Amino acid sequence: MTLSSQPAARTRLSVLRWGVVDYADGLERQKALVEERRAGRIGDTLVLLEHPPVITLGVKTRGKSTNILASPADLEREGVPVFETGRGGDVTYHGPGQLVGYPIFDLNPDRRDVHRYVRDLEQALILALAEFGVEAGRVQGLTGVWVGPAGREEKIGAIGVRISRWITSHGFALNVGTDLSRFGLIVPCGIADHGVTSLERVLGRPVPMPDVRDAVVRGFERAFGTA
Amino acid sequence: MATDVVMPQMGESIAEGTIVRWIKHVGDPIDKDEPLFEISTDKVDAEIPSPGAGVLVEIKVKEGETVPVNSVVAVIGAAGDKTSSAGVTSPAAPAPPVPPVAPAALASPATPASPAPPASPVPAGPPAEPATLDDLRRLRSSPVVRKIAKEHGVDIGQINGTGIAGRVTKRDITAFIDSGAAARPATAPAAGRPTPVGPPPPAFQPGENVRLEKMGVMRKKIAEHMVMSIHTSPHVYSAYEIDFSRIDQIRQNKKAEYEAAGAKLTYTAFIAKATVDTIRQFPFSNASIDGDTIVYKRDVNLGIAVALEQGLIVPVIKNADERNMLGLCRAIQDLAQRARTKQLKPEEVQGGTFTITNPGIFGALFGLPIISQPQVAILGVGSVDKRVVVVDDMIAVRPMCYMTLGYDHRLIDGADAGRFLLALKDRLQNFDESEV
């Protein structure tokens, strides 16, 4: 992407597919991208990746992680490290089979509305899931993307965002073929009375990750009008 | 020259923000656009840059606190400025000082507006406590609110604040001005108009031994609804005592039959049945008030309050009068079960036209429930206990239950409520077994 000097830089979305990246490593690389975006050296960029098993804590939980149910010994035995991160939201689990997306977007000057940004993220995932025939939606008051009958929704996509001077980072985690038992280690997002699910569980068949990545990219292009 | 740092507006629909972290501390030098603090809203954490360069002179909002958009959260001074001598979190003088509207407040020693030199040296230490609630209120309201108040000549102390700790928000003051209340002299409220309610006393004093906990969504909604209801409807109560002997008997006879059909024949089902039939008989009990119009609801949608571990919820049986006993039993069971497991759909708790609540479950003899708006009546059911009563001039032991009707006196008078309760009593005491 070499449209750097144009404000039109954000009319094209660069997509980086990183494969499986260690959480700490991903955090560093993400930070570097945020600086690049701020400096205007890159345009709006969507990073797609997966993480080895890890539990991450949002800012809200700082110092208190009552929503991790497993003991430190359990977590060590399971080989699941715990990270504090700078994103919004509560606690979540990342692991193989879960598509993680880090949109590095500059919302300045005309998209400065964090609610709208979060709703657009949800929309991108809803559109991507629709390509697989899955009807996903929102639950009033509970950020994220949900599937299932009203009142009994299960979370399929989680959202946690950081905005630094209107540059976005962190983003979403979409359960494709995630080992859902790992969510038993935590109360996802601090919401105790809703379950989690995955695309493969909803469809009852395996789904290739590359197909989901492509669908998500198309979802982003439509939701954010960056096609 | 000092620069106020305000809680930024992070989106159209966002009215407040929570400060999660101060990146800079009082006394730290800071450049324009350097990250100053982090806020959190919804699922988003945002780093907020400094609006100017200088030294962070004062932090007004602590980590973890939530304030409305545009509230001043910190002050940045020129490089040479002294930091606030009172320390980080002093409720220091609001800048810029606004001439108080109420002349009485001028005399208040705590009004920190006057630059006049103090008669004696001010001792070091915590600043004086604001002398009056008015002062507290003024200190707590944001500069925007104070500016609006000044422009419209409004005494902020007159306004009931809905913000944090009773703070007057921008919405409060604009609503107050729009209502025309500002134009009325505060000392002579028009007859029949409610006198502006004064601010409640502070919930706790600084340094008091307390624990603070944010209200959950449900708690907040219940709190708001109860206050709204009690301000909307003049509540009146009538209580009747009802003999449950016959219902007990029918229940014994039919219990097994219902169990075989997979339903539980409960007192609640009998009460619901008798109540909807009585509602049909007295349309005023199934109504709402719209200005000076009475809205009679043709559907009887019966709400039944269910206590949850924390809070309560009122699932609604739609068209309850169209169901027979078995149908009511099933609906009550299903809704209560799903209420407790939080699986109700939003539409299942909406549209109620009359509510039954059962404080008797917890052993209360009777309750005085508050009406669920926009309904006009609510039935409170007490516990059913064996009591000694006089029947035909003889002393007997009977299962008895107090029922109270809470009703909106704007629409329902005592005689109406009496007729309603008497009819309900008659239905329950002479329950038609063929209906069961």
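**Where chain B meets chain A**

Let me begin at the interface, where 22 residues of chain B are in contact with 26 residues of chain A, and please keep in mind throughout that this is a predicted model. On the side of chain B that touches chain A, the strands β4 (35-41) and β5 (44-49) each supply at least two residues, and β5(B) gives the most, with five residues.

Now for chain B as a whole, which has nine helices and 18 strands, and in which 33% of the 436 residues count as buried. Of the contacts in chain B between residues at least 6 apart in sequence, 62% join residues at least 24 apart.

Let me finish with the cores. The largest nonpolar core has 63 residues, and those with the most contacts inside it are L125(A), A136(A), L174(A) and V216(A). Helix α3 of chain A, residues 114-130, gives the most to this core, with nine residues. Leaving aside residues up to four places away in sequence, L125(A) touches A136(A), V145(A), G157(A), F172(A), L174(A), V216(A) and G219(A). Apart from this core lies another, of 51 residues, which includes I247(B), V276(B), I279(B) and A339(B).

Conventions:
Residues are numbered from 1 along each chain as its sequence is written. Chains are lettered from A and ligands numbered from 1 in the order in which they are written. This is a predicted model: local features need pLDDT of at least 70, side-chain atom pairs count only at pLDDT 80 or more; totals for chains, interfaces and linings use all residues. Helices (H or I, at least four residues) and strands (E, at least two) are DSSP runs, numbered from the N terminus. A residue is buried if 20 or more other C-beta atoms lie within 10 Å of its own, exposed if 12 or fewer, and partly exposed in between; C-beta atoms are placed from the backbone. Two residues are in contact if their C-beta atoms, placed from the backbone, lie within 7 Å. A nonpolar core is a set of buried Ala, Val, Leu, Ile, Met, Phe, Trp, Tyr and Cys residues joined through C-beta atoms within 7 Å.
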